[in-house]
Amino acid sequence: MKNKHKTMLWILFILVAFGQLFPLIWLFNYSLLNSSDFFSSSILKWPSQPEWQNYVNAWVDGKFPKYLFNSVLVSTVTILLTVFLSLSLAYAFTRMQWKMRSFFFTLILLGIMIPIHATLLPNFAIFKAIGLTNSYLGLIIPYTAVSVPLGTFILSGFLRSIPSAIEESAVMDGCSIYRIVFQIIMPLTMPALVTIAVTTFLTCWNEFIMAATFLSKDSLKTLPFSVMNFAGQYSSDYGSQFAVMVLTSIPAIIIYALFNEQITKGVTAGAVKG
């Protein structure tokens, strides 16, 4: 009976895994098709001769290297700012005693409920007035603003699981507040910081609407624009579009696979102990 239950459990896990992986299989399959092969009733259609030229088109005609650099730059700066601000705010809310602390903590957490695109028009009006459209800062600032509330929430729960005696010992040894936060607390909260970094990366990496609104210079555009280079008024190069999406998804898959264990620890530690 035990073996039967174990077999059923493994079958269930395999079905769930296949359901999770199927979109990637479908994406890769369609990236190898010729544009004329897309109009069929088949969900998967493996070509007799794979169109590897789609990947060449994606890399060259899609301006993939240039847009990749812009995406990496915007994502990296956003992640660094988000980690710095989230750690500073979480420490101030959990360790320091000051007036209206609960009010401002609640105010910061309200940002979790605000979708990034709800701020699109106000941000555009403000950035246009101060000259931040067509600049990296025009993306970095709203991406950071939408990521900090969640980062503060995760780190606040994680910090509550760390004994304050560690900081008291550091103060006795003459450590400044900056050394305590960035040399003692920061390494202890690494699982939570990795979680924040990965979620922030995914937010920046896949976002298109705000980037399309704020950027018109080709030299500043990010990876989602690469797909649009193959969309025409009357026809589109679907194979190259799917190839771009495959190339774009690879960094996100690698990063999530590498830091999956850290993400799990970062989410569960604060939830269980906080």
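Reply: Helices here are DSSP runs of H or I with at least four residues, strands are runs of E with at least two, and both are numbered from the N terminus. The model is predicted, so local features need pLDDT of at least 70 and side-chain atom pairs count only at pLDDT 80 or more, while totals for chains, interfaces and linings use all residues. Residue numbers run from 1 along each chain as its sequence is written, and side-chain values use heavy atoms, with hydrogens and water left out.

The part to look at is helix α9, which covers residues 190-206 and contains F201. Is F201 buried or exposed? It is buried, because its relative accessibility is 7%; the class buried means under 20% relative accessible area, exposed means over 50%, and partly exposed lies in between, using a 1.4 Å probe and protein chains only. Which residues does F201 touch, leaving aside neighbours within four places in sequence? They are S75, I79, P251, A252 and I255, where contact means heavy atoms within 4.5 Å.

The search covers a 1 Å grid over the protein atoms alone, and a cavity is a set of points where a 1.4 Å probe fits but cannot get out; lining residues have an atom within 4 Å of a point. Grid points are joined across faces, edges and corners, and the volume is the space filled by probe spheres set on the points. One cavity of 30 Å³ or more is found in the whole structure, and the largest cavity holds about 40 Å³. Its lining consists of S71, V74, L139, Y143, C204, W205, E207, T222 and P224. Helices α3 (64-95), α6 (137-159) and α9 each give at least two residues to this lining. By class the lining has six nonpolar, two polar and one charged residues. In that count Ala, Val, Leu, Ile, Met, Phe, Trp, Tyr, Cys and Pro are nonpolar, Asp, Glu, Lys and Arg are charged, and the others, Gly among them, are polar.

C204, one of the lining residues, is buried because its relative accessible area is 7%. C175 is buried as well, with a relative accessible area of 18%. A disulfide is a covalent bond between the sulfur atoms of two cysteines. The criterion used is a pair of cysteine sulfur atoms within 2.5 Å, and the whole structure has zero disulfides.

Helix α6, one of the helices that line the cavity, holds S147. S147 is buried, with a relative accessible area of 8%. Leaving aside neighbours within four places in sequence, S147 is in contact with T82 and T200. A polar atom of the S147 side chain lies 2.8 Å from the backbone oxygen of Y143, and Y143 is itself among the residues that line the cavity. T152 is another residue of α6, and T152 is buried because its relative accessible area is 0%. Not counting residues up to four places away in sequence, T152 touches S86, L89, A90, F93, F105 and I108.

Some loop residues deserve a note. N134 sits in the loop between α5 (120-130) and α6 and is partly exposed at 24% relative accessible area. M100 is in the loop between α3 and α4 (101-109) and is exposed, with a relative accessible area of 51%. Most residues other than glycine have a negative phi. The phi of N134 is positive, near 55°, and that of M100 is positive too, near 60°. L110 lies in the loop between α4 and α5 and counts as partly exposed at 38%. L110 and P149 are 39 residues apart in sequence, with their C-alpha atoms 7.6 Å apart.

As for the whole chain, it has 13 helices and zero strands. Its C-alpha trace spans about 70 × 70 × 30 Å along the principal axes. Of its 274 residues, 38% are buried. Among contacts with a separation of 6 or more, 75% join residues 24 or more positions apart.

Definitions and conventions. On a 1 Å grid over the protein atoms alone, a cavity is a set of points where a 1.4 Å probe fits but cannot get out, and a pocket is an open set with protein on both sides within 12 Å along at least five of seven lines; lining residues have an atom within 4 Å of a point. A polar contact is a pair of N or O atoms within 3.5 Å; within protein, one must be able to donate a hydrogen and the other to accept it, and residues adjacent in sequence count only if both atoms are side-chain atoms.
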